[in-house]
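Subject: A structure to look through

Dear colleague,

Please find below the structure I promised to pass on, together with its sequence.

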Amino acid sequence: MNVAHDLLARAHALGVVTTAEGDQLRLRARTAPPADLLDAFKVHKPDVLAALRQGEVDAVAERAAIVEEGAGVPREWAEGFAQLDTMPCPAGVASDRWRQVIDDAGQFLDRWAAQAAALGWATADVFGVDAARPEHRLDRAGLVWLLDGRPIVAIGPDRAAIRAATGSTLTYYRRDPADREAMRRVPLWKLAARDHVSDVT
């Protein structure tokens with residue numbers, strides 16, 4: 001393993017997500033990364049940027065192709081899930097909650113995405129959330145955000161049936177696209193990143 005990969009592995013183990021944004025190397029985490037790690041990234045920045053660019057292109061393209069081919073889902077959903085599967089936990093969202101959301105998104109894509117797309121469900125209907133307060137603005141939440149581990153049992157043109165832990169059925173209704181609240185949603189993969197951002201210069 002080369003130095004760049006060693007540094008990326010160490011950052012990952014510390015919960016630091018490292019991304020290449022143009023010529024900028026950006027580290028995101030709940031707390032500031034250790035000073036020696038930042039120093040090492042500064043010294044090896046060109047090599048780390050090169051490794052990230054190649055790895056991110058390969059990983060996202062591969063995941064999107066697998067999802068799209070395997071589930072017959074819209075390309076936007078496949079690419080969005082590929083990003084979701086590799087992005088850091090957003091600010092204000094608990095890590096276990098975020099893992100559940102990703103699992104629910106994967107289950108949806110495997111079982112229901114092709115049917116939902118054929119029925120006219122839009123990205124916001126499925127993956128939408130409030131950009132600033134996803135945990136609090138449930139009136140802006142799409143289907144996946146509300147599942148919380150509960151399985152979908154049926155999907156129609158305007159609603160989805162969800163099986164609750166008690167065995168009862170909950171119903172999610174699609175929002176009117178012209179609804180002002182619905183227009184304020186963003187896809188899950190557009191949520192803001194974690195609290196602390198370090199730019200390596």
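This is a predicted model: local features need pLDDT of at least 70, side-chain atom pairs count only at pLDDT 80 or more; totals for chains, interfaces and linings use all residues.

Is aspartate 110 buried or exposed? Aspartate 110 is exposed, because its relative accessible area is 65%, where exposed means over 50% relative accessible area, buried means under 20%, and partly exposed lies in between, with a 1.4 Å probe and protein chains only.

Residues are numbered from 1 along each chain as its sequence is written, and side-chain values use heavy atoms, with hydrogens and water left out.

The chain as a whole

The chain has 9 helices and 8 strands, which are DSSP runs numbered from the N terminus (H or I and at least four residues for helices, E and at least two for strands). Of the 201 residues in the chain, 41% are buried. Among the contacts (heavy atoms within 4.5 Å) with a separation of 6 or more, 63% are accounted for by residues 24 or more positions apart.

Two helix pairs

Two packed helices are described by the angle between their axes and the distance between the axes. The axes are lines fitted to C-alpha atoms, for helices over the stretch in contact, and the angles run from 0 to 180 degrees between N-to-C directions.

Helix α4 (residues 75-84) and helix α5 (residues 95-111) have axes that come within 11 Å and cross at roughly 155°. That makes α4 roughly antiparallel to α5, a term for angles over 145 degrees, whereas those under 35 are roughly parallel, 65 to 115 roughly perpendicular and the rest oblique. On the α4 side, Trp77, Phe81 and Leu84 meet a group in α5 that includes Trp98, Ile102 and Phe108. The residues of this contact of α4 with α5 divide into 8 nonpolar, 1 polar and no charged, where Ala, Val, Leu, Ile, Met, Phe, Trp, Tyr, Cys and Pro count as nonpolar, Asp, Glu, Lys and Arg as charged, and the others, Gly among them, as polar.

Helix α1 (residues 3-13) packs with helix α2 (residues 35-43) at an angle of about 150°, their axes being 11 Å apart. That makes α1 roughly antiparallel to α2. Here Leu7, Leu8, Arg10 and Ala11 in α1 meet Asp36, Leu37, Ala40 and Phe41 in α2. The residues of this contact of α1 with α2 divide into 6 nonpolar, no polar and 2 charged.

Aspartate 130 lies in strand β3 (residues 128-130) and counts as buried because its relative accessibility is 6%. Its side chain is joined to that of arginine 140 by a polar contact of 2.4 Å, and the side chain of aspartate 130 also reaches the backbone nitrogen of alanine 132 at 3.1 Å.

Conventions. A polar contact is a pair of N or O atoms within 3.5 Å; within protein, one must be able to donate a hydrogen and the other to accept it, and residues adjacent in sequence count only if both atoms are side-chain atoms.
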